[in-house]
Amino acid sequence: MDARLIIQVIFNLLDNAIKYTPKDSVIEIKVTPQDQNVMLSVIDNGIGIPDENKPHIFDMFYTGNQKVADSHRSLGLGLALCKSIINSHHGTITVLDHDPHGSIFRITLPTKEVALYEE
């Protein structure tokens, strides 16, 4: 796993959560081992993502109709980049609704033990 790329994915997801949720929102990061995988979730209690936007949010240049907190539109590259990085690591990234409101971005990555040889 390329740690720098995975950190970039987490940064992008947190950056989006901060941009698209109201001030004083709660943003959580959860990491859970799951059989041969690890599941990482970024959870917020913002306004959520409309169902009609969900199939497209990982498409390059897709911005939906939301504006960020500073009223500027994003370029629509961040989530597309996240998906590309996760796919290159043989993982998945999905978006789910957080009850009662907000979003959950869930990443699943395969894990395997690595043997280190030190002299």
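Me: Two strands pair if DSSP finds at least two bridges between them. How many bridges join β1 to strand β2?

Reply: This is a predicted model, in which local features need pLDDT of at least 70 and side-chain atom pairs count only at pLDDT 80 or more, while totals for chains, interfaces and linings use all residues. Residues are numbered from 1 along each chain as its sequence is written, and side-chain values use heavy atoms, with hydrogens and water left out. β2 spans residues 37-44 and runs antiparallel to β1. The number of bridges joining them is eight.

Me: Thanks! In what order do the elements of the chain run from the N terminus?

Reply: Helices (H or I, at least four residues) and strands (E, at least two) are DSSP runs, numbered from the N terminus. The chain has two helices and four strands. Read from the N terminus, their order is α-β-β-α-β-β.

Me: Let's look at the turn between β1 and β2. Which residue in that turn has a positive phi?

Reply: β1 and β2 form a hairpin with two residues between them. Q34 has N37 of β2 as its bridge partner. The turn residue with a positive phi, about 50°, is D35.

Me: Which residue of β4 is the bridge partner of V42?

Reply: β2 and β4 also pair in the antiparallel sense, over seven bridges. In β4, the partner of V42 is F105.

Me: How many of the eight residues of β2 are buried?

Reply: A residue is buried under 20% relative accessible area, exposed over 50% and partly exposed in between (1.4 Å probe, protein chains only). Of the chain's 119 residues, 33% count as buried. β2 is mostly covered, and its buried residues number six.

Me: Finally, how are α1 and α2 oriented, roughly parallel or roughly antiparallel?

Reply: Axes are lines fitted to C-alpha atoms, for helices over the stretch in contact (heavy atoms within 4.5 Å), and angles run from 0 to 180 degrees between N-to-C directions. Under 35 degrees counts as roughly parallel, over 145 as roughly antiparallel, 65 to 115 as roughly perpendicular and the rest as oblique. α1 and α2 (residues 78-88) pack at about 150°, with axes 9 Å apart. That makes the two helices roughly antiparallel.
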